[in-house]
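Here is a brief report on one chain. Look over the sequence and the fold before reading on.

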Amino acid sequence: MSNGNKVVLIGDGFVGSSYAFALINSGLATELAIIDIRKDKELADVNDLLDATVLTSSPTIVKTGTFEDCKDADLVVLAYGNSQKNLVNRLNDIKIASQMVVDTIPQVVEAGYDGVILLATNPVDVIARVVAEVSGFPKEKIVGTGTSLDTARFNQYLALESKLNVSDINAYVIGEHGNSSVAVWSNANVNGINIREFIDKIDDDYKDEVGELIRDKAFKIIKGKGATHFGIANCLLAFTKAILLDEKRVLMASSYLNGEYKNKGLYTGVPTIIGKNGAEKILEMPIDDREQKMFDKSCKDLNENYKLALEVINK
Ligand SMILES: NC(=O)c1ccc[n+]([C@@H]2O[C@H](COP(=O)([O-])OP(=O)(O)OC[C@H]3O[C@@H](n4cnc5c(N)ncnc54)[C@H](O)[C@@H]3O)[C@@H](O)[C@H]2O)c1
């Protein structure tokens, strides 16, 4: 650990650089070391970010990094991955991203790092499991961004539909960040009042339609500009803050299930208390039978997809 809050960011593309910008503006980190295989991009972003730090209230020391930087890091963040321009289905990225983990995580561990590894790399639930396997770290030290972005999209949708302030909407998405995500309608509420009081057309078809809209949002954004990055950057920032400041916030992380929600042995998006030790406790909110069935199917899909990652790990 450093004397302040040192963050090592591995992967400096759209997501990594947006996160770096959000991080320096937050003043949360005393030091940020950036590692990317594209050395020109890494150096250019460091110089650009250093200019930006001048006008922040608490300037972060930004530098190009090496894996040695992980030695005294307080948090390691993974934002590498397959370019979103190639996104057909997040599952296509499994082998590519698993290889990145195999190429980098042993170096993080060899440097002496034993803290929390936060990741957004897709498919995030499968890759969290790959990072756990390759690092050998306790399961709770691997924290994926899970369904935090899907949850933000669900809340944003409900706010527009109900014409209410998004801060007052409490609604969650669980399961895979991707094709089989599950929007939990049964306990969606506006400061404790059931969402049905504000949107009257909620039947199964409507739920499926909204679920589809949430899933498709990424594809629409990518079609327009090649990547989604601001939303996930702020999700990563919320996780960073919760970990560095030991906030015990409940965030929709990819966490390792050990019987919660009737499933075990895999990472997926569930409400989780996030603090300095990573995913400190999974919270079980009530879900209805339909949601449980969808969640079970999501876990089954993730277990199936992990087999592709295993081919890379065991190579
Ligand atoms: N979890 C989420 O909700 C969410 C949302 C958006 C994007 N993502 C994911 O984030 C990842 C990054 O997306 P992006 O748009 O920034 O992609 P990008 O192509 O812009 O950036 C990826 C970066 O990773 C770097 N990289 C590749 N291999 C590396 C290695 N071994 N070591 C260090 N750096 C390496 C590349 O050089 C590149 O700069 C993807 O997996 C994407 O799907 C996740």
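Which residue does UniProt list for "active site"? The unreviewed entry gives H177. Keep in mind that the model shown here is predicted.

**The listed residue**

H177 sits in a loop. Strand 7 (169-174) and strand 8 (182-190) lie on either side of that loop. Is H177 buried or exposed? H177 is buried, because 30 other C-beta atoms lie within 10 Å, and 20 or more count as buried. Leaving aside residues up to four places away in sequence, H177 touches V124, D125, G146, T147, L149, D150 and G269.

**The annotated domain**

The unreviewed UniProt entry also lists a domain, "Lactate/malate dehydrogenase C-terminal", at residues 147-311. Over residues 147-311, the chain is 45% helix and 27% strand. The end C-alpha atoms of this stretch are 26 Å apart.

**A helix pair**

Helix 5 packs with helix 6. Their axes are 10 Å apart, at an angle of about 125°. The two helices are therefore oblique to each other. Their crossing is right-handed. Which residues meet in this contact? The table gives them by helix.

| Helix | Range | Residues in the contact |
|---|---|---|
| Helix 5 | residues 148-162 | D150, R153, F154 and Y157 |
| Helix 6 | residues 204-225 | V210, L213, I214 and K217 |

The residues of this contact divide into five nonpolar, no polar and three charged. D150 of helix 5 takes part in the contact with helix 6, and D150 is also among the residues that H177 touches.

Conventions: Residues are numbered from 1 along each chain as its sequence is written. This is a predicted model: local features need pLDDT of at least 70, side-chain atom pairs count only at pLDDT 80 or more; totals for chains, interfaces and linings use all residues. UniProt positions are given in the numbering used here, feature names are shortened, and annotations may be inferred rather than shown by experiment. Helices (H or I, at least four residues) and strands (E, at least two) are DSSP runs, numbered from the N terminus. A residue is buried if 20 or more other C-beta atoms lie within 10 Å of its own, exposed if 12 or fewer, and partly exposed in between; C-beta atoms are placed from the backbone. Two residues are in contact if their C-beta atoms, placed from the backbone, lie within 7 Å. Axes are lines fitted to C-alpha atoms, for helices over the stretch in contact, and angles run from 0 to 180 degrees between N-to-C directions. Angles under 35 degrees count as roughly parallel, over 145 as roughly antiparallel, 65 to 115 as roughly perpendicular and the rest as oblique. A crossing is left-handed if the near helix is turned anticlockwise from the far one by less than a right angle, and right-handed if clockwise. Ala, Val, Leu, Ile, Met, Phe, Trp, Tyr, Cys and Pro count as nonpolar, Asp, Glu, Lys and Arg as charged, and the others, Gly among them, as polar.
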